[in-house]
Amino acid sequence: MPAEDLRPVDRNVPSRLSVHRWKVSVSAQRYRASFECLEGRSVRLSVHVRPSSPGHRDAEGSGCRPDRTARRPMSAVVIQRMSDAQLEQLLGREALELRIARHRGGAAAARGHDYEQLFIAHRVARLLMKLEMNGSDATIEEQANEFVDDVVVRRDSDRCVKAYQLKNTNNVSWTADGDAIARDFQLQAAVCEMEGYTRIRLRLVCSDQQRVAALGTTLPAAIAATTKAIYFPHGQKWQSLIDQYLWMRDDFAFLSRKADPSSMDCAEVASVLSGAWTLLKPKAPVSAVFEQARKTSPAVLRPFVTADDPESRLRSDVREILDRLPGFNYAIVRGFLTWSLDPGTTSGIVKFDCFDLEFGILQDQIVQRDPATFEEIEELL
Amino acid sequence: MRAYTDSADDSARSLLGILADQSSNEELYRTAMRRLGEALARVIASNYASACQGNVYIVCTVEDADFLARGLLDGLLGAGVSSSQVRFACFWNERLRKFKNSDRETFDIAPIVKQYKEPIDVSSTLLIMVKSIISGACVVKTNLSALVEHAMPKRIIVAAPVMVHGSQDKLASEFPSELAERFEYVTFAYDDPATGADHLVEPGIGGSVYKRLGMESKASYVPELVKRRRQSLSASA
């Protein structure tokens, strides 16, 4: 098992063991890992490693669903971004000028670019999955003033950083233009390490699958430990891409208010996430993007799963009324009251979720009307 | 700048004038919209006579159901299409362009919150998507997507009294070419795209169709056409 697949492990490492490097070995299928501290101390921890779901493969082909059961204690790691002065001191004037030039060029190219917009919306969806599953929030930043900085995702509490450079062309190579890209990735890895990140993953994102394969075979050894080329598709119409790529559809579907959303529903989720990011960028916690994205009426995204069961929000007096309406069927699905009328010609989802104040008002109105038929409350739904 | 199509006879032009006229009252506006539906039906029955021999699926949004779509339905029946051939669907969409806590428009979607769909094999029908105006094509795209998710109609007619220049290309570009090449359009006039913050086309259909039709809330409006057809469907089940 490659070390990169051990991501769920490190949430179980007590934060007080503030060492930066671990040598990790795992017996193939067993849930036991040996951690040897490179500073000389040795500890042995039992950890749970969940195999990745075979049905879910992400753009990198290696994603795993986060462990829903794991709850990570938040550590108080503070990572300071390297200032221009520090960068110049550590890596030289040339490196500083290169970083400034890269940022300037990247910011200009990114404006209004569909490729970046969908990629970020998809990243946010993925990160929200982790947030809900294990409470792990991340900060996302666009054009982050780095060497590899189109999109940067930081989880400082884990000393974890993932940076993406997006290339929507089919002629990208590590070595063109005097090793420009390879050099950017090498410098970025050095900066991240100096800043204190221990889990550094740098990705060259390309919209041409053949080019990604070629980049994989020509990856320079000097950056191979931190860097990969990955595929992310490009297209003007998001719905078509979502329709075409099941992994993308699944990731947006995860956030939909519908249990079995269509590609159109998933495209709506992507649009709302992108709209929320547009309001909050260039930098925001993923949790804040989610909160913003939930501020639509009707709601497009479902609420996060909480200890408070949405079923319990549907009052018993309302249930009694709904139960006696002839031909009326209802259920709480993903936190929303979802209904249909036999034989299924009329159906809908209430515009707000069961936790919303308006849901309480709706229930009051239903009780007040005390309907005997669906038609008597149809206009309320 | 408005450009009339060859289908726009004097009657259709006059009815479009009533829509554009801000002094037309609610009743006059409703009647004009219904007459325009009948006029669209006449064009469809004439130009697509063979397609109208089979099943016809009329699809609309809630605000158009009792007026434009009702007129279209009556017009088709008047042109010889039998009621047993016709099925009907109505969608309640909410157009969303911004968040509740922001004035900035950062996205554009039209989620469906409620729907009425009579059962039909979509793959063997002439699907007529009727709407008072086709502008950004967002609502039409959403509703059409909901209908063609699992099956593709034989022919698809997008019918509207007014369309915005370029809206057809915009709509077609949203779908795979295999589907988009089945689109056919019936309209009486083309207008320039909206330029203001209110997204209203000039002269278009004279402003917001909900307001002109006198609807207080389209979300709570249940069209008479839906009520009547649903009742009839239940009785025959």
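**Helix packing, the A–B interface and backbone geometry**

In this predicted model, helix 8 of chain A crosses helix 9 of chain A in a right-handed sense. The residues that make this contact are Val272(A), Leu273(A), Ala276(A), Trp277(A), Leu279(A) and Leu280(A) on the side of helix 8 of chain A, and Ala288(A), Val289(A), Gln292(A) and Ala293(A) on the side of helix 9 of chain A. By class, the contact of these two helices comprises 9 nonpolar residues and 1 polar residue, with no charged residue taking part. Two packed helices are described by the angle between their axes and the distance between the axes. For helix 8 (residues 263-280) and helix 9 (residues 286-293) of chain A, the angle is about 115 degrees and the axes lie 8 Å apart.

The crossing of helix 2 and helix 3 of chain B is right-handed. Helix 2 of chain B contributes to this contact through residues including Arg30(B), Met33(B), Arg34(B), Leu36(B) and Glu38(B), while the residues supplied by helix 3 of chain B include Asp66(B), Phe67(B), Leu68(B), Arg70(B) and Asp74(B). The residues in contact between helix 2 and helix 3 of chain B divide into 9 nonpolar, 3 polar and 6 charged.

Between the two chains, 31 residues of chain B are in contact with 35 residues of chain A. The size of an interface is often given as the accessible area lost when the parts come together. For chain B and chain A, this buried area amounts to about 2900 Å², of which 55% is on carbon and sulfur atoms. On the chain B side, the residues that lose the most area to chain A are Phe99(B), Lys100(B) and Arg230(B), which together account for 21% of what that side buries.

Polar interactions between chain B and chain A include 4 salt bridges, and 15 residue pairs, both members at pLDDT 80 or more, are in polar contact. In one salt bridge, the side chains of Arg249(A) and Glu149(B) meet at an N to O distance of 3.1 Å. Strand 4 (112-117), helix 4 (138-148) and helix 8 (224-236) of chain B each provide at least two residues of the side of chain B that touches chain A; among the elements of that side, strand 4 of chain B gives the most, with 6 residues. The side of chain B that touches chain A is made up of 13 nonpolar, 8 polar and 10 charged residues.

Attention then turned to the backbone. Most residues other than glycine have a negative phi, and most peptide bonds are trans. In chain A, however, the peptide bond from Ser297(A) to Pro298(A) is cis, with omega near 5 degrees, and Pro298(A) is found in the loop between helix 9 and helix 10 (316-323) of chain A. A cis peptide bond also joins Asp342(A) and Pro343(A), with omega about 0 degrees; Pro343(A) is located in the loop between strand 11 (336-341) and strand 12 (346-349) of chain A. Arg334(A), a residue other than glycine, has a positive phi near 50 degrees, and Arg334(A) lies in the loop between strand 10 (328-333) and strand 11 of chain A.

Methods
Residues are numbered from 1 along each chain as its sequence is written. Chains are lettered from A and ligands numbered from 1 in the order in which they are written. This is a predicted model: local features need pLDDT of at least 70, side-chain atom pairs count only at pLDDT 80 or more; totals for chains, interfaces and linings use all residues. Side-chain values use heavy atoms; hydrogens and water are left out. Axes are lines fitted to C-alpha atoms, for helices over the stretch in contact, and angles run from 0 to 180 degrees between N-to-C directions. Helices (H or I, at least four residues) and strands (E, at least two) are DSSP runs, numbered from the N terminus. A crossing is left-handed if the near helix is turned anticlockwise from the far one by less than a right angle, and right-handed if clockwise. Contact means heavy atoms within 4.5 Å. Ala, Val, Leu, Ile, Met, Phe, Trp, Tyr, Cys and Pro count as nonpolar, Asp, Glu, Lys and Arg as charged, and the others, Gly among them, as polar. Buried area is the accessible area (1.4 Å probe) that two parts lose on being put together, summed over both. A polar contact is a pair of N or O atoms within 3.5 Å; within protein, one must be able to donate a hydrogen and the other to accept it, and residues adjacent in sequence count only if both atoms are side-chain atoms.
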